[in-house]
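Biologist: I would like to learn how to read a structure like this one, going slowly from the whole chain to single residues. Could you show it to me and take me through it?

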Amino acid sequence: MSALEAQLHIVPAESIAYHSQRNHFSRWLTARTEFAVAQKLRPRKVSDFASLEHLRHDLISSINDYRREQSEFLIGDFNAATFKSGDAFS
């Protein structure tokens, strides 16, 4: 995701428009199991934006927001006394 975000800063705006028109960004994200951000991007159209630079900024912002949200999930402390072991991993 960070590599995609970095590339969005430098690729030509026409390339972003081409791939946006064909839903390539949402398909790529879905293929990498990033369903939430893919679903957010899917309904957006190039014509929804005042310019291709606005589209670029929106894509970068959406990916950045999603990455930030994902990093904020809490991970609980493991406690062996409360962990139930099943036969599935035996």
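Modeller: Read along the sequence, the protein follows the pattern α-α-α-α-α, and accordingly five helices and zero strands are found. Here helices (H or I, at least four residues) and strands (E, at least two) are DSSP runs, numbered from the N terminus. Please keep in mind that this is a predicted model, in which local features need pLDDT of at least 70 and side-chain atom pairs count only at pLDDT 80 or more, while totals for chains, interfaces and linings use all residues. Residues are numbered from 1 along each chain as its sequence is written, and side-chain values use heavy atoms, with hydrogens and water left out.

Biologist: How does one describe two helices that pack together?

Modeller: Two packed helices are described by the angle between their axes and the distance between the axes. Axes are lines fitted to C-alpha atoms, for helices over the stretch in contact, and angles run from 0 to 180 degrees between N-to-C directions. In this model, the axes of helix H1 (residues 2-10) and helix H5 (residues 52-71) come within 10 Å and cross at roughly 160°. H1 and H5 are therefore roughly antiparallel to each other, a term for angles over 145 degrees.

Biologist: Which residues of H1 and H5 make the contact?

Modeller: Contact means heavy atoms within 4.5 Å. On the H1 side the contact is made by Ser2, Leu4, Glu5, Leu8, His9 and Ile10, and on the H5 side by Arg56, Leu59, Ile60, Ile63, Asn64 and Arg67. The residues of this contact of H1 with H5 divide into six nonpolar, three polar and three charged, where Ala, Val, Leu, Ile, Met, Phe, Trp, Tyr, Cys and Pro count as nonpolar, Asp, Glu, Lys and Arg as charged, and the others, Gly among them, as polar.

Biologist: Where does Asn23 lie, and is Asn23 buried or exposed?

Modeller: Buried means under 20% relative accessible area, exposed over 50%, and partly exposed in between (1.4 Å probe, protein chains only). Asn23 lies in the loop between helix H2 (13-21) and helix H3 (24-31), and with a relative accessible area of 18% Asn23 is buried. Its phi is near 60°, a positive value in a residue other than glycine.

Biologist: What is the phi of Thr33?

Modeller: Thr33 has a positive phi of about 60° although it is not a glycine. Thr33 is found in the loop between H3 and helix H4 (35-41), and Thr33 is exposed, with a relative accessible area of 53%.

Technical notes. Angles under 35 degrees count as roughly parallel, over 145 as roughly antiparallel, 65 to 115 as roughly perpendicular and the rest as oblique.
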